[in-house]
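Please open the model in a viewer and keep the sequence at hand. The stops below are meant to be selected in turn.

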Amino acid sequence: MSTSDSPLKVVVAEDSVLLREGLVRLLEDSGFEVAGQAGDAEDLIRKVGAHKPDVAVIDVRMPPSHTDEGLRAARKIRAEYPGTGVLVLSQYVEEAYALDLLSESTESTGYLLKDRVADVDTFTDAVRRVAGGGSALDPEVVALLLGRRRREDPLEGLTAREREVLGLMAEGRSNAAIAEALVVTERAVEKHVTSIFSKLDLAPTVVDHRRVLAVLAYMRSS
């Protein structure tokens, strides 16, 4: 793990050599230390065990079957190396994978579409957020989760503004960041958050990412 005066340490797992090298170059140019690279899930687990990085950036689909090897590796890393955050990259939103990854916890966890990597600030901010113990969820993932319906929609009682606030919360944003995005006061956001959890019958907590976890768990399909 990195100390406060050293760069964040990252391991990159991507079977496409071209994309992997691109990620490594981008991260290094942005001040991160890339401690290791892997082309498959097995090698990824070895590299994480050897280097104990702050974050593992992982492609969902990896050899040999190119289905969910990366996702399973991410869950294994969370279980065996809790000091390492996981940021999963996917070509497109895969609902089952997103729910699988987020169902237990959103702490030190991210799920981004690969298109977001082209926006360097968005990508590097996500890596830092996950390294800091927070969550970094792609807006399309959030939209998908918020759009899920059950027979009794738990979000039915929320106002349009409360849904906006909830969506931004699920992306891992602080109350201050939400206020800035919606061009309202932070106090107004606090009132919306209080109302949201009251309507969803969720116990209050002072830890933002635990609130996100509670919301996502509540919305998870039965």
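Begin with helix α3, residues 69–80. Helices (H or I, at least four residues) and strands (E, at least two) are DSSP runs, numbered from the N terminus.

This is a predicted model, in which local features need pLDDT of at least 70 and side-chain atom pairs count only at pLDDT 80 or more, whereas totals for chains, interfaces and linings use all residues. Residues are numbered from 1 along each chain as its sequence is written, and side-chain values use heavy atoms, with hydrogens and water left out.

Next, select S90 in strand β4. S90 is buried, with a relative accessible area of 1%. Leaving aside neighbours within four places in sequence, S90 is in contact (heavy atoms within 4.5 Å) with V60, Y111, L112, L113 and K114. A polar atom of the S90 side chain lies 2.6 Å from the backbone oxygen of Y92.

Finally, display β1 (residues 9–13) and β2 (residues 33–38), which run parallel and are joined by five bridges. V11 is placed opposite G36 in β2. From β1, the chain passes through helix α1 (residues 17–29) to β2 in a right-handed β-α-β crossover: with the strands pointing away from the viewer, the path from the first strand over the helix to the second runs clockwise.

Terms used. Two strands pair if DSSP finds at least two bridges between them. The expected span of a helix is 1.5 Å times one less than its number of residues. Buried means under 20% relative accessible area, exposed over 50%, partly exposed in between (1.4 Å probe, protein chains only). A polar contact is a pair of N or O atoms within 3.5 Å; within protein, one must be able to donate a hydrogen and the other to accept it, and residues adjacent in sequence count only if both atoms are side-chain atoms.
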